[in-house]
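Please view the sequence and the structure together before reading on.

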Amino acid sequence: MTLCIRVPKASAEDVRKRLISSGILNTAAKIRTDEDSILIPILSDSFENYDVTDADLEPVHREETDYRNIADVPDELKELLPNSYDVIGDIAVVKFPDELIPYASPIGNALLRTQPSLRAVMMDLGVKGELRVREIKMIAGAGTSETHHKEFGVTVIVDPAKAYFNPRLSTERMRIASLVRDNETIIDMFAGAAPFPLVISKHSRPSVIYSIDLNDDAVEFMERNIKLNRMKNIIAICGDSSAVIKELPPADRIIMNLPHSADAFLPDALSNLKKGGTAHMHKITERATSPEYVSELVAAMKEKGYAIRVDRMAELKTYSPTMSVYVLDIVKE
Ligand SMILES: C[S@@+](CC[C@H](N)C(=O)[O-])C[C@H]1O[C@@H](n2cnc3c(N)ncnc32)[C@H](O)[C@@H]1O
């Protein structure tokens with residue numbers, strides 16, 4: 001039985017609104033008609049001068065949206081459940097601490113139940129090696145880890161088990177696209193499945209984007225994505241970008257999304273960047289010493305014969321308790 005007030009039909013809507021603004025409408029039960037009055041569930045003992053009664057009201061069925069509330073893991077481990085995870089197309093990629101690994105399957109199933117758009121859930125075991133490929137393991141759902149991810153009007157086909165893809169960089173990709181002027185020559189030195197070239201080609205008008213990656217699988221996705229999105233100005237190239245870039249025409253803009261070691265490739269990029277052109281270089285560095293990192297980089301490039309200035313350095317995400325991933329907009333002077 002649920003505590004409620006009996007209200008004449010004519011004033012029911014006004015009373016309901018007053019209950020909401022007073023914070024005492026009981027939203028866990030459904031309002032219902034009883035002859036010529038309306039029974040409205042309340043959370044307090046009384047409301048104004050209305051008759052208070054107990055009635056059999058149907059409970060409101062609410063779909064749970066937070067997987068942490070239904071994941072079948074011991075109570076003492078619940079606080080370890082991650083509050084965020086990556087969604088790539090119709091798969092979720094979740095990283096969790098070792099203590100939760102025995103509960104991977106209930107965690108995956110809880111995610112599938114609360115997020116109906118998901119087809120499968122993968123456990124993230126970390127990004128490895130030069131090709132930055134993620135080791136992942138299916139913990140719930142069906143099918144393979146290949147998926148179609150939609151972002152700012154383009155579709156990126158990718159398999160995170162075969163090629164790196166970071167859905168959290170979508171805003172950065174759009175930022176770069178908005179900077180591109182008509183007829184630019186652009187090089188993406190570490191393109192993966194080509195999300196930067198696709199978003200740029202969709203939203204601006206460069207003359208050509210050379211999209212390079214060392215990983216054969218990434219280049220295969222790149223080629224499928226160029227075809228699927230009907231992009232006419234993206235050229236997929238498989239190879240080591242430090243060698244490939246030497247064969248390409250000078251660029252107005254170079255994208256360098258290899259945050260562990262992109263700075264080692266900066267001299268190669270600068271050798272093929274037009275004067276006044278920009279390199280967007282991703283870099284993991286200590287937060288506390290990030291200004292020093294910039295001055296050291298400028299000095300190191302000067303020693304190699306390149307004058308540069310850093311127009312912008314922005315934090316993209318936290319990497320560890322003391323380090324972050326940054327993007328630096330580096331202009332060749
Ligand atoms: C962090 S991922 C970036 C992928 C892509 N830009 C994205 O946003 O999804 C770095 C990529 O660089 C590629 N890579 C690493 N070393 C390379 C090199 N020397 N030349 C070309 N590609 C390289 C890896 O295979 C990987 O796909």
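## A buried arginine and its partners

Arg 175 is buried, with a relative accessible area of 17%, in a model that is predicted. The side chain of Arg 175 meets that of Asp 329 in a salt bridge, with 2.9 Å from N to O. Because Arg 175 belongs to helix α3 (residues 170-179) whereas Asp 329 belongs to strand β17 (residues 323-332), this pair ties together parts that lie 154 residues apart in sequence. Asp 329 likewise counts as buried, at 7% relative accessibility, since the cut-off for that class is a relative accessible area under 20%.

## Salt bridges between partly exposed residues

Within helix α1 (residues 12-22), Arg 16 and Glu 13 are three residues apart, so about one helical turn separates them. These two residues form a salt bridge in which the closest N and O atoms are 2.9 Å apart. Arg 16 is partly exposed, with a relative accessible area of 27%, and Glu 13 is partly exposed too, at 38% relative accessibility.

A further salt bridge joins the side chains of Asp 311 and Arg 309, with an N to O distance of 2.7 Å. Here Asp 311 is partly exposed, with a relative accessible area of 47%, and Arg 309 is also partly exposed, with a value of 36%. In the protein as a whole, the count of salt bridges comes to 21.

## Overall dimensions and fold

The protein chain contains eight helices and 17 strands. Its radius of gyration is 27 Å, whereas a compact globule of 333 residues would have one near 20 Å. Along the principal axes, the C-alpha trace spans about 85 × 45 × 40 Å.

How much of the chain counts as buried? Of its 333 residues, 49% fall in that class. As for contacts between residues at least 6 apart in sequence, 62% of them join residues that are at least 24 apart.

## Surface and charge

The accessible surface of the protein chain comes to about 16700 Å², and carbon and sulfur atoms account for 49% of this area. The chain carries 41 positive and 50 negative charges, and the mean positions of these two sets are 6 Å apart.

Methods:
Residues are numbered from 1 along each chain as its sequence is written. This is a predicted model: local features need pLDDT of at least 70, side-chain atom pairs count only at pLDDT 80 or more; totals for chains, interfaces and linings use all residues. Side-chain values use heavy atoms; hydrogens and water are left out. Helices (H or I, at least four residues) and strands (E, at least two) are DSSP runs, numbered from the N terminus. The radius of gyration is taken over C-alpha atoms; the globule rule is 2.2 Å times the number of residues to the power 0.38. Buried means under 20% relative accessible area, exposed over 50%, partly exposed in between (1.4 Å probe, protein chains only). Contact means heavy atoms within 4.5 Å. Accessible areas come from the Shrake-Rupley method with a 1.4 Å probe; for residues, only the protein chains shown count as cover. Lys and Arg count as positive and Asp and Glu as negative; His and the chain ends are not counted. The place of a charge is taken as NZ of Lys, CZ of Arg, CG of Asp or CD of Glu. A salt bridge is a side-chain nitrogen of Lys or Arg within 4 Å of a carboxyl oxygen of Asp or Glu.
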